Amino acid sequence: MKNDSSHLSTNRRQFTKTSAGLLAAGTAALAFPRRAMADANSKMRIGFVGVGGRGFGAHVKSLTKLAKEGAPIELVAVCDVYNVNREKAAKYIQSNLGNEPAQHVDFRDMYAKENLDAVCIGTPDHWHAKQAIEAMQAGINVYCEKPMVKKVEEAIDLVKVWRKTGVVMQVGVQSTSLPVWDHANRLIRAGQLGKVLMYQTEYFRNSDLGQWRYYELTKEMNPSNIDWRRFLGVDDGLSEEVPFDRAVYRQWRRFWPFGSGMFTDLFVHRTTTMLKATGLRYPARVTGSGGIYLEYDGRDVPDVSTVVAEFNEGVQGLVTATMASSETPIKQVIRGHHGSFVFGNQEDFDQFTFVPERPQVTHISPKEVPYEPQIIRPDQRMPENKNHAHFQNWIDAMVANDPQLCNNTPDLGAAAIVIVNLGARSYRQGKVYRFDGDEMAVSEADGSWAKRWEDRSHQRGKPEHVPGWEAGDTGSKIFDPDYQKLEGPWVDGKDPAGA
C-alpha cells in the first residue's frame, strides 16, 4: 500500500485479486501490504454499514471522537437502507469533521466505489456474516457489532476467511477491552483457582413495555424511506419476502429470521468475557431451555432462558436470564477447586474478588493464602469509556497491521456464537447438541459425554485444564482417607483389603 499524503491509495480489492495465487499457496499474511505510518497525513478510509441505533450512537460517534483526537482515520462513507439514518449520520460527520461522506443504500456499492481501508458493520444480525466476509475478501478491515454472525455455520466460514485474508477484524463486545478479563486469565493459568470447574453469568432485565419494544416506531419508517427488500435480504437468501412492518424493521431482535433475542443480543456479551477470562473457546456440548412466560407481544424469542455449555477441558459454563425481573440477578463467578473469582453484575468492572476455599480443602496455610476474600485490581487502568477503548484498540491493530492485537478477534467471537446459537437451537428444537472443535461440526449429542467422565473416574485419571494452564497439579488433586484402602470389589469372596 502506498504511503502518500492524500490517503492510502492502493485499492485493497485490486491487490487481493492479484494475491489470489499467494493466498492459495498459504501465504495468508500477504493478503495486503503492511501499512506504513511514516507519513503523518496518511489516514485510513472508513465506511459504515448500518448507521441506525448502535451503528450511529456507538460506531459513528466513537470514531468521530477518535478522529477529532487525532487518530489516523477519515470517515468517508455511510450506508443504510433507511434514508433518515443515512442523512443523519452523514450530517453528523460533516458537522463534526468537515468532510461530506458519500451515502449508499447498497453496501456492495460502497465497498466497490469508496476505496475503503476499513468498515464498521452495525446492521441486523442476519446480515453480519455476508457483509463482513465480503469486506475481508476485498481486503477491507472490519469492525462488526456483536453478535459476530447469526449462525454457527456462518461463524465457521467467517473465521476461515479471516485467517486466509489476514485482515484486522474486531468483534463489538466492547467489554473485552476492560483489563479485568486478561488479568483474571493470567491468574487462572497460574493456578490461583486450582482446577477450574465452572463459570456462571447472567443478563437480567425488566420493562413494562416488553424487551426491544423500547426502540421507538415512527411514521417516517415506511416503504418510501426504507428499502424493505434489501433490509430483509431476499435476493441474498437471508429471509423470505414478508409485508412491510415497522416493528419487524425497528425491533427485529424479537423475531427469529433476523435475530435471536437474548441469546445473541445479551448472552453473547457475558459469554464472550467468560471465555476471555477462562481461556476456553469452543464447547463440546450445549443445552438451551426457557420459554415465553410473560411477554405475549407477538414476539418469537423467549423472555426466560438458560444455556449450559460443557467443555472438553472439564468445565461447565452457564448463562441465564429473565427479561421480566431485574432486581435479583445471580452473580458472575468463575469457580475452581481452590477458590472463585466473583465479578458481581453488569460489565463495567475495575476489580473483582478472590474468595478462597477453606484450608482444610486446599491444604494451603492461611499464612500463605489468607482465608478471607481479597480484592484484586488489574495493573492497567480502567478506561473511561469502553466503546472508545474498543475502537482505539481496533485502530491500533490496523496501524500495526496485526490482527491478533484486537481484544475480541473472530476466533473468540465464533466460540461465543457457537455457544449462544446452539443454546437457541436447543431451546427451539428440543435437542442437546455436540460440537466437534477439530472438525468444526455440529451433531446431536448422545450418552458419550457422561461415559467419557465416568471412564476417567474409573481409571483414576487426571483432570483436564483450561488452555494455557501453567500450574501443574495445583488445585487438581483430592486426597484418599485411610479408610479408602478398604475400597474395591470382593472377588471370589476375598476382601480386597486383605486379612
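Start your tour by selecting E470: this residue is exposed, with a relative accessible area of 56%. Keep in mind as you look around that you are viewing a predicted model.

**Stop 1: the partner of E470**

The side chains of R189 and E470 meet in a salt bridge, 2.8 Å from N to O. Where do the two residues of this pair lie? R189 sits in helix α8 (residues 179–189), while E470 belongs to the segment after α15 (448–458), so the pair ties together parts that are 281 residues apart in sequence.

**Stop 2: other charged pairs**

Side chains of opposite charge can pair when their charged atoms come close.

Select R213 and D297 next. Their closest N and O atoms are 3.7 Å apart, and they form a salt bridge. R213 is in the loop between β7 (196–202) and α9 (228–232), and D297 is in the loop between β8 (285–291) and β9 (304–311), so this pair ties together parts that are 84 residues apart in sequence.

Then move to K65 and E69, a salt bridge with its closest N and O atoms 2.6 Å apart. K65 is partly exposed at 45% relative accessibility, and E69 is partly exposed too, with a relative accessible area of 47%.

To finish this stop, select E202, R270, E347, D348 and K386 together: salt bridges link them in a network.

**Stop 3: two helices side by side**

Colour helix α7 (residues 152–165) and helix α14 (residues 410–429). They pack at an angle of about 170°, and their axes are 8 Å apart. Angles over 145 degrees count as roughly antiparallel, and α7 and α14 are therefore roughly antiparallel to each other. On the α7 side, the residues in contact include L158 and W162; on the α14 side, they include I417 and L422. By class, this contact has 10 nonpolar, 1 polar and 4 charged residues.

**Stop 4: the nonpolar cores**

Which residues touch the most other members of the largest nonpolar core? Select Y111, M169 and F341, and you have them, out of 84 residues in that core. Helix α14 supplies the largest share of this core, 10 residues.

Zoom in on M169. Among the residues it touches are L158 and W162, along with M136, M148 and P410. A second, separate core has 26 residues, including C120, F391, M398 and C406.

Note on methods
Residues are numbered from 1 along each chain as its sequence is written. This is a predicted model: local features need pLDDT of at least 70, side-chain atom pairs count only at pLDDT 80 or more; totals for chains, interfaces and linings use all residues. Side-chain values use heavy atoms; hydrogens and water are left out. Axes are lines fitted to C-alpha atoms, for helices over the stretch in contact, and angles run from 0 to 180 degrees between N-to-C directions. Helices (H or I, at least four residues) and strands (E, at least two) are DSSP runs, numbered from the N terminus. Angles under 35 degrees count as roughly parallel, over 145 as roughly antiparallel, 65 to 115 as roughly perpendicular and the rest as oblique. Contact means heavy atoms within 4.5 Å. Ala, Val, Leu, Ile, Met, Phe, Trp, Tyr, Cys and Pro count as nonpolar, Asp, Glu, Lys and Arg as charged, and the others, Gly among them, as polar. A nonpolar core is a set of buried Ala, Val, Leu, Ile, Met, Phe, Trp, Tyr and Cys residues joined through side-chain atoms within 4.5 Å. Buried means under 20% relative accessible area, exposed over 50%, partly exposed in between (1.4 Å probe, protein chains only). A salt bridge is a side-chain nitrogen of Lys or Arg within 4 Å of a carboxyl oxygen of Asp or Glu. Lists of a residue's contacts leave out its neighbours within four places in sequence.
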